[in-house]
Amino acid sequence: MTANLPSAASGSLALPHYQRVGGVHPPLDSPAYRSSVLRAPKQPLVPLPQWLTEVTGPLLGVGRVDAADADLTTGHAGEPVGERIIVTGRVLDSDGRPVPDTVIEIWQANASGRYAHPVDNHPAPLDPNFTGAGRCLTDSQGRYRFVTIKPGAYPWRNHHNAWRPAHIHFSLFGRAFTQRLVTQMYFPADPLFGLDPIFNSIPDPQARTRLIASFDIEVTEPDWALGFSWDIVLRGRNATVFESEANS
Amino acid sequence: MTHGITPAQTVGPFLAIGLPWADGPFVVPAGTPGAIVITGQVFDGVGDPLPDALVETWQADPAGRFSHPDDPRGAAACAVAGFRGFGRCPTDALGQYRIVTLRPGPLPGPDGETEAPHIDVSVFARGLLDRVVTRIYLSDEAQANAADPVLASIADPFRRSTLIAVAEPGSPDEFRFDVRLQGERETVFFDV
């Protein structure tokens, strides 16, 4: 195998560096979210250098994503029940660069707050015309667009009378292992925000608001669907000079 | 211009609606010569298996190359047809996952270091507000592992051993790698 290695000893590999940002992601150990109690690691995380495996990542999508996959209201015998919506925005990195050609996968409950999943026993109706899974590829400007149904809020067993604010799950690859992100998009002015331990697990209240889409009349299509805009920002690729900023 | 990054949220209990792919566990197609299999279970802090987790893997090809433009040595397509570098497998009712792949090659570090063959791993589950990141090393690469800078950064030999996938007795191409999210035998997780 050694024959395959470049003469690293005689030169250095110039690798991109992805900014480490503290205080944005929720701490894994967030006991108000009951499921974290037995699942969140207790040992401190070990710093991992960002070398070749970390600054690369799967660049997938071509042949895996069909244009029809971005419309969750089609593909069934009939139309799903609920409020038809358009969810669109851009995927950027923290330096404002668009992230093109990256796969976004989403999944969600139906309009009555029920997931098409055998473990969900919320006594709300399933919709035979709604599965709740979609995917798309960002374009050259990092733009994405889904057509779906506004998901309903639903109860869960975290604490007495616990309800999740309506949300859509989003999964993104970015261009490197370091940028992988799974998150949730919420809708504006949800009265459940203040009561939800998952939303509030994000320490910085300002950062929480970045998960809330905006109603957008420009995206809204007359006589057809309400529009929501939501940009997703992945870690930026910086020179190492930003390390000191991250530490300050 | 800087933009605040988007915070992570848990995948929740219903990731199976949106994330599994039929070919997800196959980093290389089934039956590829030289393929290895990595299997294991994901456990919580009281030793119960997680039936609702997702294990993802990312790795170099056997020559230590990536089909990726940010590899400063140049993007290189793998010589083995169908190699994707990426694997994804949801856990079953017993918390088990299975990935079929090729042995990754060793990698150069930025300043002349050499990393032992390894696979980067993300684990997602209900109860995890963000992914957890770990690494798989192979038990039959003892010499390379002993010189690996990331393994060397973990002082406690038991903790270090949580990153080694162990060859199954009698099946040198099958490795077992369990993930323990908590407890006395908690797996090493990384801040990447």
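**Figure 1. Where chain B meets chain A.** In this predicted model, the contact draws on 69 residues from chain B and 75 residues from chain A; two residues count as in contact if their C-beta atoms, placed from the backbone, lie within 7 Å. On the side of chain B that touches chain A, the elements giving two or more residues are β2 (53–59), β5 (107–108), β6 (114–115), β7 (118–125), β8 (132–138) and β12 (190–191) of chain B. Strands here are DSSP runs (E, at least two residues) and helices are too (H or I, at least four), numbered from the N terminus. β7(B) supplies the largest share of that side, five residues. By type, the side of chain B that touches chain A splits into 34 nonpolar, 22 polar and 13 charged residues. Nonpolar means Ala, Val, Leu, Ile, Met, Phe, Trp, Tyr, Cys and Pro, charged means Asp, Glu, Lys and Arg, and the others, Gly among them, are polar.

**Figure 2. A strand pairing between the chains.** Strand β2 (residues 46–47) of chain A runs parallel to β12(B), with two bridges between them; strands pair if DSSP finds at least two bridges between them. Look for A:P47, whose bridge partner in β12(B) is B:D191.

Figure 3. B:E56 is a handy landmark: its bridge partner in β7(B) is B:S122, and in β3(B) it stands opposite B:R88.

Figure 4. Chain A has three helices and 14 strands, and buried residues make up 41% of its 248 residues. Its mean pLDDT (the predictor's confidence in each residue, from 0 to 100) is 92, and 92% of the residues reach 70 or more. Residues 1–10 of chain A fall below 50, with 16 contacts beyond near neighbours in sequence. Residues 239–248 of chain A are also below 50, with seven such contacts.

**Notes.** Residues are numbered from 1 along each chain as its sequence is written, and chains are lettered from A and ligands numbered from 1 in the order in which they are written. Local features need pLDDT of at least 70 and side-chain atom pairs count only at pLDDT 80 or more, whereas totals for chains, interfaces and linings use all residues.

How values were computed: Buried ≥ 20, exposed ≤ 12 C-beta atoms within 10 Å, placed from the backbone.
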